[in-house]
Amino acid sequence: MKTTHKGRTIEIRSPHSPHNRYGAPAYGINGVWKTEPTESPLLGRPGQSTAELLDELKRFIDQLDAEPNVRHTTYVWWYAPGRAEICPRSKNRVSAEHTKGVGAPCTDPGCRREAALEAQRRARRTGITAASLASVLTRAGYVNAEKHWDGVAKSAGFMASGEDRNRRVAVLWSKSLGPGRVCAELAEIADFLAGKGYRVEVTPAAGALWVFPKGSAGERPVWPAGRDGWAAEEK
Ligand SMILES: [Zn+2]
């Protein structure tokens, strides 16, 4: 017999059919009669009637359609056309191919691990380091302060240091005016970096800037609104 259910073609051959040598009803879904890679036939149970098997296949299809996620262990041809595909990542692997939802993240444990690692790498790439920010500033003509061996500045200039595992870079000026006040040079740097799209905040004690990667969420008002909280040096 041949019928369709929710977009799938279901064919069933009873054990009495000349094309069925298995002693159990054999079935095909959308023309697939054997599973890769072992080429085992798709079979019901011995003694099962065609009607019982059809019922079971329809229930399984209903169940798949009701689930929010595509099962990575279920063959693509079980799914309604356009809902599932062979996961592209699994095509280059030694292990068997698996299934993912079209336009959905793969639920295979290996793919989930890989996706998590990639997300981490992306976050690191868009991160910010003292060296990268210092080179942005020196290219724009700002002078990097020379430092003594103990890190204390020996010439006028900016100083950048990575903080919070490269989530942000603190920028200060070698001749800091102390808590609550920011020198004109630092205010100019803040304007420059904000103009470049960086998220610039003023540290809680003022006197230094916190610079975050472009587009990142910060904690405090963004420069220049944050400037109201501290007194810039009078010129
Ligand atoms: Zn996958």
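This is a predicted model: local features need pLDDT of at least 70, side-chain atom pairs count only at pLDDT 80 or more; totals for chains, interfaces and linings use all residues.
1. Strand β12 covers residues 208-212 and is joined to β11 by 4 bridges, the two strands running antiparallel. Within this pair, Val-202 has Leu-209 of β12 as its bridge partner.

2. The pair belongs to a wider arrangement. β8, β9, β12 and β11 follow one another in that order in an open sheet of 4 strands, and the pairing is antiparallel. The edges of the sheet are formed by β8 (158-163) and β11 (199-202); each has a single partner strand, so one side of each is left without a neighbour in the sheet. On average, and with direction ignored, neighbouring strands of this sheet are turned by 25° against each other.

3. The remaining pairings of the sheet may be read in turn. β8 and β9 are paired in the antiparallel sense over 6 bridges, and Phe-158 has Trp-173 in β9 as its bridge partner. These two strands form a hairpin with 4 residues between them, and Asp-164 in the turn has a positive phi of about 55°. β9 is also joined to β12, by 4 bridges and again antiparallel; here Val-169 stands opposite Val-211 of β12.

4. How many of the residues of β9 are buried? The count is 5 of 6, and the strand is therefore described as mostly covered.

5. Helix α3, residues 130-139, lies across β8, β9 (168-173) and β12, and runs at about 155° to β8.

6. The nonpolar core deserves attention next. The largest such core has 24 residues, of which Val-171, Leu-186, Ile-189, Ala-190, Val-200, Leu-209 and Val-211 touch the most other members. Two or more residues of this core are given by each of β8, β9, α4 (184-195), β11 and β12. Which residues does Ile-189 touch, leaving aside those up to four places away in sequence? They are Leu-137, Tyr-142, Phe-158, Val-171 and Leu-209. Another core, of 5 residues, lies apart from the largest one; Ile-12, Tyr-27, Leu-53 and Leu-57 are among its members.

7. Strands β1 (residues 2-5) and β2 (residues 8-13) run antiparallel and are joined by 4 bridges. In this pair, Lys-2 stands opposite Glu-11 of β2. The hairpin has 2 residues between its strands, and Lys-6 in the turn has a positive phi of about 45°.

8. Is Gly-215 buried or exposed? This residue is placed in the loop between β12 and β13 (231-232). Gly-215 counts as exposed because it has 9 C-beta neighbours inside 10 Å, and the limit for an exposed residue is 12 or fewer.

9. Finally, some figures describe the chain as a whole. Its secondary structure comes to 4 helices and 13 strands. Of the 235 residues in the chain, 21% are buried. Among contacts between residues at least 6 apart in sequence, 42% join residues at least 24 apart.

Conventions. Residues are numbered from 1 along each chain as its sequence is written. Two strands pair if DSSP finds at least two bridges between them. Axes are lines fitted to C-alpha atoms, for helices over the stretch in contact, and angles run from 0 to 180 degrees between N-to-C directions. Two residues are in contact if their C-beta atoms, placed from the backbone, lie within 7 Å. A nonpolar core is a set of buried Ala, Val, Leu, Ile, Met, Phe, Trp, Tyr and Cys residues joined through C-beta atoms within 7 Å. A residue is buried if 20 or more other C-beta atoms lie within 10 Å of its own, exposed if 12 or fewer, and partly exposed in between; C-beta atoms are placed from the backbone.
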